[in-house]
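Here is a short report for a reader meeting this structure for the first time. Take a look at the chain before reading on.

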Amino acid sequence: MSKEHTIEVHKQEFDETYTVYTEQNGDGWVGWIQELPEVNCERKTKKELLKALEIELHERLEAYKVEAEEWDKQFEEDAKAGKLERFAEEALIDFRAGKCEDI
């Protein structure tokens, strides 16, 4: 029988609550985080499982933060190098042609 638990992440940049599902599996426990299915593990006790999931969650969120910072840096470099100019030009052409809608 699955039981639902929550882990609250108290870092300012990750101020969210994530849902953890746990299930007894033979002599051990398995668990996963609904919002981030790649965060999952198996441990002997439920207490160990919840702690391991919390650690994995923090590691995954930190990795996402680093990836986002790297993407932002690359985007900024591409913009400075003029690599995005053609997209701006295409957008202006579409706008002038009436192909854009208000959202």
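Among contacts in the chain between residues at least 6 apart in sequence, what percentage join residues at least 24 apart? The value is 25%. Keep in mind that this is a predicted model.

**Layout**

The chain has four strands and two helices. Read from the N terminus, the order is β-β-β-β-α-α. The chain counts 103 residues, and buried ones make up 20% of them. Its accessible surface comes to about 8,100 Å². Carbon and sulfur atoms hold 50% of that surface.

**Helix α1**

Helix α1 covers residues 46–80.

Which residues of α1 are buried? They are Leu49, Ala52, Leu53, Leu57, Leu61 and Asp78. An α-helix has 3.6 residues a turn, so residues three or four places apart point the same way.

**The nonpolar core**

The largest nonpolar core has 13 residues. Seven names stand out for the most contacts inside this core: Tyr18, Ile33, Leu36, Val39, Leu53, Leu57 and Leu61. Strands β2, β3 and β4 (36–43) each give two or more residues to the core, and so does helix α1. Which element gives the most? It is α1, with five residues.

**Aromatic pairs and a charge over a ring**

The structure holds two aromatic pairs. One joins Tyr21 and Trp32, and this pair is stacked. It links distant parts of the chain: Tyr21 lies in strand β2 (residues 16–25), Trp32 in strand β3 (residues 28–33), and they are 11 residues apart. The other pair is Trp71 with Phe75. Why does this pair count as stacked? Planes under 30 degrees apart count as stacked, and the planes of Trp71 and Phe75 are at 15°, so the pair qualifies. Trp71 and Phe75 are four residues apart in helix α1, which means that about one helical turn separates them.

| Pair | Centre to centre | Angle between planes |
|---|---|---|
| Tyr21 and Trp32 | 6.0 Å | 20° |
| Trp71 and Phe75 | 5.3 Å | 15° |

How open are these rings to the outside? Trp32 has 31% relative accessibility, so it counts as partly exposed. Trp71 has 55% and therefore counts as exposed. Phe75, at 42%, counts as partly exposed.

The charged end of Arg60 sits over the ring of Tyr64, 4.0 Å from the ring centre.

**Two glutamates**

Glu23 is in strand β2. Its relative accessibility is 31%, so Glu23 counts as partly exposed. How far apart in space are Glu23 and Glu42? Their C-alpha atoms are 9.5 Å apart, while the two residues are 19 residues apart in sequence.

Glu62 is in helix α1. With a relative accessible area of 27%, Glu62 is partly exposed. Glu62 and Phe14 are 48 residues apart in sequence. In space, 9.1 Å separates their C-alpha atoms.

Terms used. Residues are numbered from 1 along each chain as its sequence is written. This is a predicted model: local features need pLDDT of at least 70, side-chain atom pairs count only at pLDDT 80 or more; totals for chains, interfaces and linings use all residues. Side-chain values use heavy atoms; hydrogens and water are left out. Rings of Phe, Tyr and Trp (its six-membered ring) pair if their centres lie within 6.5 Å; planes under 30 degrees apart count as stacked, over 60 as edge-to-face and the rest as tilted. Buried means under 20% relative accessible area, exposed over 50%, partly exposed in between (1.4 Å probe, protein chains only). A charge sits over a ring if NZ of Lys or CZ of Arg is within 6 Å of the ring centre and within 35 degrees of the ring normal. Contact means heavy atoms within 4.5 Å. Accessible areas come from the Shrake-Rupley method with a 1.4 Å probe; for residues, only the protein chains shown count as cover. A nonpolar core is a set of buried Ala, Val, Leu, Ile, Met, Phe, Trp, Tyr and Cys residues joined through side-chain atoms within 4.5 Å.
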